[in-house]
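The questions below work through one structure, and each answer ends on the name or value that was asked for. Please keep the sequence and the model at hand while reading.

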Amino acid sequence: PETITVQELGNRMAERGGNLIKALMKMGVMATINQVIDADTAELVVEEFGHKAKRVSDADVEIGLVSGPDTESEMTGRPPVVTVMGHVDHGKTSLLDAMRESDVVSGEAGGITQHIGAYQVKLASGARITFIDTPGHAAFTAMRARGAEVTDIVVLVVAANDGIMPQTIEAIRHAQAAKVPIVVAINKIDLPEADPSRVRTELLQHDIVVEEMGGDVQTVEVSAKKRLNLDKLEEAILLQAEILDLKANPDRVAEGAVVEAKMERGRGSVATVLIQRGTLRVGETFVCGKEWGRVRALVNERGERLEEAGPASPVEVLGFNGTPEAGDDFIVVEDEAKAREVSGYRQRKDRETQFVKSARGSMEQMFERI
Ligand code: GTP
Ligand code: MG
């Protein structure tokens, strides 16, 4: 049901909260400033003050944001988006760093310049893979919770000396729930105690049947430290991507999802955004979760400024008016007015939900005391 707090209604009418409370009292409604009232009551109050009420529904505000599906002819091939998951210390970041070193582009530019949680690797063959690192895979959970299907493939990293551990199982569950195919990287095979066949057997207990056992899940034995079989892992990912036949329309306004976001001194709010459809350009206005902004700069994983970023590109976006959250949606809108309207609406809605939650909390406390 549509609701609003007395305070918020007062703000929108530019009337004092106290006057609203008095008006409500005359109507027989005893309300405090922070109380939530329903839309019908609110409408009566608005009319009492001689204003005209206009109810804004979700659909009215958000409508301009929803764009139709792309037609088949507009779609072109795009790189796979791969999320690397696994137990703590099994070597996710090491593996990503090792693969990034084989990246022809960063090789030319003189290696790694900065760490971001997502980057794209261009292989010698010309093929590209977008990787998302997940420290504790919090980002992945947030995105999945919001239904943003940003990941095409999960690379499950399992240390061959350690085997399946609690967070390995958790990662498997996330991938299975999101119906995302898994490629298993059995890491640390350089260690004398490495036992890759044990890992394969243990996976069976979690409904992962690897190719060696007649299933369709690929496994690759690798060593991030000794740089063994990294090319085989890349091949396995590309093979899986080929099966998925991934496509997107680059010729439309950009839509994406936030991989990570933070406040940086001197740079303001910065978010790494994974572009999922369309092409994002410097100067464009956007809404992102409850925030909005105008793209001041786009920066890639090598610290280079870009003019634009297309589908499956992870890119740092500067120009936010506030810091968004991992998993937030990112959508380009036509102008600042629309951006302000949507972000303002989402912030109000969020405040109201928060208030209803806390009101419910204090009601429960009250009853406990009785
Ligand atoms: P979290 O992000 O904390 O979950 O860890 P992670 O999975 O990213 O692991 P990380 O890459 O930080 O590696 C953990 C430790 O394992 C480090 O000390 C690495 O040097 C070591 N390590 C990673 N890969 C290998 C490998 O192939 N062989 C050996 N011997 N050690 C490795
Ligand atoms: Mg790590």
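Q: Which residues does V155 touch, not counting residues up to four places away in sequence?
A: In this predicted model, a contact means heavy atoms within 4.5 Å. With residues up to four places away in sequence left out, the residues that V155 touches are V82, T83, V84, M85, V183, A185 and I237.

Q: Which element supplies the largest share of the largest nonpolar core?
A: The largest nonpolar core has 25 residues, and V155 is among those with the most contacts inside it, as are V82, L95, F131, A185, L233 and I237. At least two residues of this core come from each of β4 (81-86), α5, β5 (118-122), β6 (128-133), β7 (153-159), β8 (182-187) and α10 (230-244). The largest share, five residues, is supplied by α10.

Q: How many residues has the other core that lies apart from this one?
A: L156, L203, I208 and V210 are among the members of this other core. Its number of residues is 19.

Q: What share of the area that ligand 1 exposes when taken alone does the protein bury?
A: Of the 15 residues around ligand 1, those that come nearest are K92, T93, S94, D190 and A224. A polar side-chain atom of D190 lies 2.7 Å from a nitrogen atom of the ligand, while oxygen atoms of ligand 1 are found 3.1 Å from an N or O atom in the side chain of N187 and 3.0 Å from a polar backbone atom of G91. Taken alone, ligand 1 exposes 660 Å², and the share of this that the protein buries is 71%.

Q: How many residues of the shell around ligand 1 are charged?
A: Helix α5 (residues 92-101) gives the largest share of this shell, three residues. By type, the shell divides into three nonpolar and seven polar residues, and the number of charged ones is five.

Q: Is T130 buried or exposed?
A: T130 is found in strand β6, and its side chain is joined to that of Q120 by a polar contact of 3.0 Å. Because buried means under 20% relative accessible area, and the value for T130 is 0%, T130 is buried.

Q: Is P69 buried or exposed?
A: P69 lies in the loop between α4 (58-62) and β3 (76-77), and its C-alpha is 9.6 Å from that of N249, although the two are 180 residues apart in sequence. Since exposed means over 50% relative accessible area, and the value for P69 is 76%, P69 is exposed.

Definitions and conventions
Residues numbered from 1 in each chain as written. Chains lettered and ligands numbered in written order. Predicted model: local features only at pLDDT ≥ 70, side-chain atom pairs only at ≥ 80, totals over all residues. Heavy atoms only, no water. Near = heavy atom within 4 Å. Polar contact = N/O pair within 3.5 Å; in protein donor to acceptor, adjacent residues only side chain to side chain. Areas by Shrake-Rupley, 256 points an atom, 1.4 Å probe, with all protein chains shown as cover. Helix = DSSP H or I, 4+ residues; strand = E, 2+ residues; numbered from the N terminus. Nonpolar A, V, L, I, M, F, W, Y, C, P; charged D, E, K, R; others polar. Core = buried A, V, L, I, M, F, W, Y, C linked by side-chain atoms within 4.5 Å. Buried < 20%, exposed > 50% of the residue type's maximum accessible area, 1.4 Å probe, protein only.
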